[in-house]
Amino acid sequence: MTNVLTQPRPIRLKGRSFLALALTPELPFEDWLVRLDDLASRSTGFFMRRPVVLDITGMEIDRSQLHGLVEQLRTRNVRIMGIEGARPSLLDANLPPAMTDGRPTSDIEAPPNEDTKAGAVEAVAPQAPQPAKAPSSLVVTQPVRSGQSLIFTEGDVTIVGSVASGAEVIAGGSIHIYGTLRGRAMAGTMGNASARIFCRKLEAELVAIDGYYKTAEDLGSDLRGKPVQFWLEDDTFKFGSLA
Amino acid sequence: MGKVIVVTSGKGGVGKTTSSAALGAALAQNGDKVVVVDFDVGLRNLDLIMGAERRVVYDLVNVIQGEAKLTQALIRDKRLESLYLLPASQTRDKDNLTEEGVEKVIRALKHAFDWVICDSPAGIERGATLAMRHADVAIVVTNPEVSSVRDSDRIIGLLDSKTLRAENGERMEKHLLLTRYDPARAERGDMLKVDDVLEILSIPLLGIIPESMDVLRASNLGTPVTLADDRSAPSIAYFEAARRLNGEDLPVTIPGEKRGFFGKFFGRKAA
């Protein structure tokens, strides 16, 4: 029996970033695990229910060592959701997936050693991430060239110029293009359904808002070469001429 | 101190080597000292186009690896005494080019020549990135068709990010050289129009070289087209491009757009 997809509803895919603990092991692992056990004994459940990423950047280990380490951590109730800085050859299907582009936030402090700080123990709550106050819009005055990927998840992107075929612009907010959009534009990628895409001349390969997308083929030829805007209305893609 | 020019394109077969040789010969005819450097290690062609293939002893890789001195590897043109060629190696591969080695060679050439023209290999890998790395000026060779234009756009992006000039926050001068332009096909709409290419790439136009049998003939003879016949259409276009490189403000004429009285009567010249 063949499954016939009757409902042409698209699968939604979104990019989203989360805060995770990055654990950086040191060689030899035996010694490091002893220190980890020491930490765990002072604060049971420090790693429990927390997403943990293993950062092995620059570490000279083989696959069996990595398997061993992940297994050792699992027995200590530390579940690894991803591995950062691993050579692709090091990872296989039985290991957590590779993670890239991690950005540091404020350090999460390990619980204090109770032996030395008897009495005055203050619970050190992991600090909420406090990103440096970044501007919430980005203005680009140069054309975005083929092969370039402009990613700005903090807010709106304004481009005074064109976006070439094979280039992509990804924004957390709306995208404004005062030129021709020939490549891809993805707005509202952090879950902002009210984001819009504006361009002065539409030749786009793909446009997406909040995970919904349309390819050039879906867009038809009526709007080609015209000034156009795109928005979402009740989860459906709308577009109209700006002229 | 000379100027370092990279002739690049991303896509292969668009006329980088032909243009490097033609512009080199055109600049040298002004009396400027010019060296054309072949960066296409493993697939060298410049020596053939410049008719020096039987005089190659040492090459760029020999110089970089310290097996030969720069003066030993440079080949002087037999027709123009201020034109030189630094050939690429045909037997080694691109991994033999090191960043420090290339920098040393370019620095030495810059001191000795007015123009250092680096003929880049196709692609965006090591050979191409090293050829553009130390350039002051880039000539982006493009054919009026979509794949060539998109590859050129990619290369312009790399010129603005991967070159020393870009990394130092300086401006990288970029020029578009539109080659193999066929007025007849452009008129029929089989080719991208000049305006469309300029709109997409948005860099200044250095010249338009018409598609011509003269170019192919000159290449097969091992003579840069600007040396073979200085009255042919592509030759005139290259000479004008060389003058623009020198800072002259010459208007660019689009081949076929100013077909005069005779053209209308006698029809098109067979390409």
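**Notebook: strands in chain A, helices in chain B**

I began with a pairing: Ile197(A) has Phe230(A) as its bridge partner in S14(A). Here helices (H or I, at least four residues) and strands (E, at least two) are DSSP runs, numbered from the N terminus.

A note on what I am reading: this is a predicted model, where local features need pLDDT of at least 70, side-chain atom pairs count only at pLDDT 80 or more, and totals for chains, interfaces and linings use all residues. Residues are numbered from 1 along each chain as its sequence is written, chains are lettered from A and ligands numbered from 1 in the order in which they are written, and side-chain values use heavy atoms, with hydrogens and water left out.

**Entry 1: strand S14 of chain A**

I looked up both pairings of this strand; two strands pair if DSSP finds at least two bridges between them. Strand S11 (residues 197-202) of chain A runs antiparallel to S14(A), joined by 3 bridges. On strand S15 (residues 236-241) of chain A I found 6 bridges to S14(A), again antiparallel. One of the partners there is Thr236(A), which bridges to Glu233(A). The hairpin of S14(A) and S15(A) has 2 residues between the strands, and Asp234(A) takes a positive phi near 50°.

Is S14(A) buried or exposed? I found 5 of its 6 residues (228-233) buried, so S14(A) is largely enclosed by the rest of the structure. Buried means under 20% relative accessible area, exposed over 50%, partly exposed in between (1.4 Å probe, protein chains only).

**Entry 2: H1 and H13 of chain B**

Next I checked helix H1 (residues 16-28) and helix H13 (residues 233-245) of chain B, whose axes come within 9 Å and cross at roughly 70°. Axes are lines fitted to C-alpha atoms, for helices over the stretch in contact, and angles run from 0 to 180 degrees between N-to-C directions. I also noted which residues meet, with contact meaning heavy atoms within 4.5 Å. From H1(B) they include Ala22(B) and Leu23(B), and from H13(B) they include Tyr238(B) and Phe239(B).

**Entry 3: Ser232 of chain B**

Ser232(B) sits in the loop between helix H12 (225-228) and H13 of chain B. I read 6% relative accessibility for Ser232(B), so it counts as buried. Which residues does Ser232(B) contact, leaving aside its neighbours within four places in sequence? They are Asp214(B) and Val225(B).
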